[in-house]
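Here is a short report on one protein chain.

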Amino acid sequence: PGKYSFMVSVRSIVGNHFCGGVLLDSRWILTAAHCVEEGAVPGSTDAYTNIEYVLGLHDQNETNWNYSGDASPEIYYSSSEPIIYPYYETVEVYNGWPYLFYDYALIYLDEPVDIDRFRPISLISNETYDDNDNVATIMGWGRTELGVSSDVLLEADVYINPDGHCGAWGDNVNQDHTQWFIENHICLGPGVDGESKSGLGD
């Protein structure tokens with residue numbers, strides 16, 4: 001707990017986690033556009049008015065947030081419409097699952113975050129991540145191999161595929177999806193441990 005203070009749990013106002021995000025600075029969060037677009041939250045047409053952004057959270061089942069002073073999670077809100085990347089789109093191409101292009105959105109918080117407590121993420125400033133055998137750390141509360149979301153924040157080290165060729169996907173081992181990967185995608189390979197990978201909701 002507390003290792004990744006920039007990690008944000010994007011949740012409905014009734015406390016259900018459905019996406020991850022990262023803190024960029026004291027007022028801005030980066031998340032996926034499909035998480036905050038119109039209709040993203042069940043029962044809401046303007047999703048952003050029914051979303052809370054939680055920093056400092058480790059266990060999604062934790063209800064007593066007064067447990068360790070400065071380590072206690074905090075909830076933030078945004079009454080501003082999300083800034084969705086203008087070229088964002090979804091294309092349904094395989095067994096009902098869509099490919100997401102330019103799936104980025106920025107959230108402007110109503111109140112500033114104390115960045116002494118919650119440190120913004122450090123962004124890459126060069127192109128060294130394009131090198132072979134580079135490793136990325138992924139994290140989130142997404143689905144595990146059991147098919148359900150994790151209660152606690154998980155992390156894993158995975159290889160980055162340098163040529164963007166992700167090959168087969170899903171249960172169709174002969175289907176090559178490389179044509180759907182464009183420059184803004186990052187193709188993650190297997191986990192360094194040979195098993196770990198990202199999950200829906202991370």
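## Overall chain

Of the 202 residues in the protein chain, 32% count as buried. The model is predicted. Its accessible surface comes to about 12200 Å². Carbon and sulfur atoms account for 48% of that surface.

## Fold and contacts

The protein chain holds one helix and 12 strands. Read from the N terminus, the order is β-β-β-α-β-β-β-β-β-β-β-β-β.

Now the contacts. Take those between residues at least 6 apart in sequence: 61% of them join residues at least 24 apart.

## Aromatic rings

A pair of aromatic rings is described by the distance of the centres and the angle of the planes. With ring centres within 6.5 Å as the cut-off, the count comes to six aromatic pairs. One aromatic cluster is formed by Tyr85, Tyr87, Tyr102 and Tyr104.

## Asn16

Where does Asn16 lie? Asn16 sits in the loop between strand 1 (7–12) and strand 2 (17–23). Its relative accessibility is 48%, so Asn16 counts as partly exposed.

Leaving out residues up to four places away in sequence, Asn16 touches Val10 and Arg11. Asn61 is 45 residues from Asn16 along the chain. The C-alpha atoms of Asn16 and Asn61 are separated by 9.9 Å.

Terms used:
Residues numbered from 1 in each chain as written. Predicted model: local features only at pLDDT ≥ 70, side-chain atom pairs only at ≥ 80, totals over all residues. Heavy atoms only, no water. Helix = DSSP H or I, 4+ residues; strand = E, 2+ residues; numbered from the N terminus. Buried < 20%, exposed > 50% of the residue type's maximum accessible area, 1.4 Å probe, protein only. Contact = heavy atoms within 4.5 Å. Areas by Shrake-Rupley, 256 points an atom, 1.4 Å probe, with all protein chains shown as cover. Phe/Tyr/Trp six-rings, centres within 6.5 Å; stacked < 30°, edge-to-face > 60°.
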